[in-house]
Amino acid sequence: MIPLTTTARRSLLEAITHWWGEFSLQTKLLAAATLVVSLLMTGLTFFSLNGIQQEARMGDTRYARDLGLLLASNVVPLAAQGHDRELARVTEDFWRTSRSLRYIFYADPEGVIYLGIPISRADSGSDLLLNRRLELPSDLQQRPQNPLIRQHLTPDGLVTDVFVPMLDGDRYLGVMALGVNPNEAGLASAALTRDVTVAVFVSIWVLVILGAVFNALTITRPVKELLKGVRAVAEGEFGTRIALPMGGELGELLTGFNNMATRLQAYDAANIEELTAAQIKQQSLIATMADGALLLDKSGNVVLSNPTARRLFRWEGRNLENVELLRLLPDSLSMELQEPLEQMLCGKRDNAELRCAMGEPARTLRLVLQAVRDGSGESLKGIAVTVQDLTREVELNAAQSRFISNVSHELRTPLFNIKSYVETLHDMWEDLNDEQRQEFLFTANSETDRLTRLVNDVLDLSRLESDRVWSFEPMELDTAIEQTLRSYRLNAQDKGVALELDLAVGLPRVRGNYDMMLQVFDNLVGNALKFTAPGGMVHLRAYPWPDTCPVVQGDNSSPLPRIRVEIADSGSGIGEDDCRQVFERFFRVENAVHTEAGTGLGLSIVRGILDKHGTQAKIVSELGTGTTFWFELPLEQSDGDEVMLSKINKNLA
């Protein structure tokens, strides 16, 4: 037999433990009761068999003793007188008359056997003497009525040996030994008793096993199947059925379970559509939230995330389910969030709030954590995380702070200059000559104009950023451009800058606000003149865009025609980095390149006005070459304008 290894023994033990654990408590108790009854019956059976065997042995022993004492009483006188032949004859007759005797022999006081049947014959002369010696207890001759009896097993069966001391008065003559076969009747009775006992024991065993099997088939199995069915229904498997052909109360119980499962399945099917609709509504609500939303389980792993959260943390296309939140976040944010999150998972707090900056470009995020508990409020089910993008709010606050700071600075400078010159005039009027007084008044007047322009620009920006509703009507764009050029023509002549105008013939009307467009042209043309050196040129151009795109009603294959306006100059130009910031408030290119003064709000106003018109200004510039601003305005949607634009396109072609 191959010995089992430690691993094999452990596996076998685990398998037995698992197998035993699958049984119910009732089955285990039944098995234990069966084992106890079996052990009890086994003990009673072996006790009975042992008693029967002991009784059979005692009967054989008594019979052998009596037979030995009877023969000894008959042969002792012959042995005492030395009649060996007579002794042999009597012994042979006695041996022949008793079928239970196996052998008879005699030994002298020294234990040497001198006569034996069937070992030797008495009439064979020297054959009566045998060269064998018996080793017997020394006290045997002192108890003639209590012979030595023992049993031994031979090839022919069990034999009872009886050793009877022969005494003639006080003289010890030797020992007579008999071999007695067991009593056949006693043996048959003992065998019958043993067989009956074994049969009864086996019958009891069979009855117990049949009872256990019957119990398993009629009670244990249905109860076990019913238990499995109840567990399945409790887990939501309403299609579970128990198909066992049972009658009686157990059959009614199984039928009732199947009916209950059928009703639950019908109820579940009736409500599944409503539950699905509610779930879709919840998912849609979460998916369309402007803020990011995350749901964590009680271990801190992500269960649900909406598209906004994925976009804010750049998790698009990643599988986030059952992944720890701290492993998904950047290291800086993960370190800040670790402590409050662990406290909430441990139940030390129910909410937390965190604001941090992350990403490139930097974004400001606000994370609000709220514990989700069960109805009793004791068990933690998860954590809801709301992620708000405060980048725009922070930028607006910073822009507001910069705006207030810049406006304060811009207001303080002209006010300080005005106050200084006015105080000087007031205190030293008599000490100043007319030329000095005139110079001081001119400076104060210039600073006042500068202050007025700044205030007007700020008011213009404020109106553009307000909720005011602006009116847009069809307007003649060439009229506004020509009015602007008339305003700046004298300034251009004084500075030696040429103003050129290139308008397409019969420009169609655009939809816009005339006053606001005048302000756009005023700012752009004014800036172009300001940064163009004498001998330079400022060029204005307006034309349909695309140049040769005919207007076809309902044709979606080509872009809609618009009017493009370009203001180009041959001035000093703007650097590439400054082009990105030129439309910001209070940004002045002259701080880095130019020397002309300004409020830095003109192009911000241009951007705001064009935003109201649904377009935006573009810029292209090169240092030392010049700058070009352009924008596009939508046409007034009318049949007459479309026909006119078609004619213009034909003329241009």
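Guide: The bend at a residue is the angle between axes fitted to the seven residues ending there and the seven starting there. This is a predicted model, in which local features need pLDDT of at least 70, side-chain atom pairs pLDDT 80 or more, and totals use all residues. Numbering starts from 1 along each chain, and side-chain values use heavy atoms, without hydrogens or water.

Visitor: By how many degrees does α11 bend at Y488?

Guide: Helix α11 (a DSSP run of H or I, at least four residues) covers residues 477-495, and just after α11 comes G496, with a positive phi of about 80 degrees. At Y488 within α11, the bend is about 45 degrees.

Visitor: How far apart are the end C-alpha atoms of α11?

Guide: The expected span is 1.5 Å times one less than the number of residues. For the 19 residues of α11 this should come to 27 Å, which agrees with the separation of its end C-alpha atoms, 27 Å.

Visitor: Which strands stand at the edges of the sheet?

Guide: Strands (E, at least two residues) pair if DSSP finds at least two bridges between them. Here 5 strands form an open sheet of mixed pairing, ordered β12-β14-β15-β17-β16. Two of them have a single partner strand each, so that one side of each lacks a neighbour in the sheet: β12 (498-503) and β16 (618-622).

Visitor: What is the bridge partner of S621 in β17?

Guide: Strand β16 runs antiparallel to β17 (residues 626-634), and 5 bridges join the two. On the β17 side, the residue bridged to S621 is T627.
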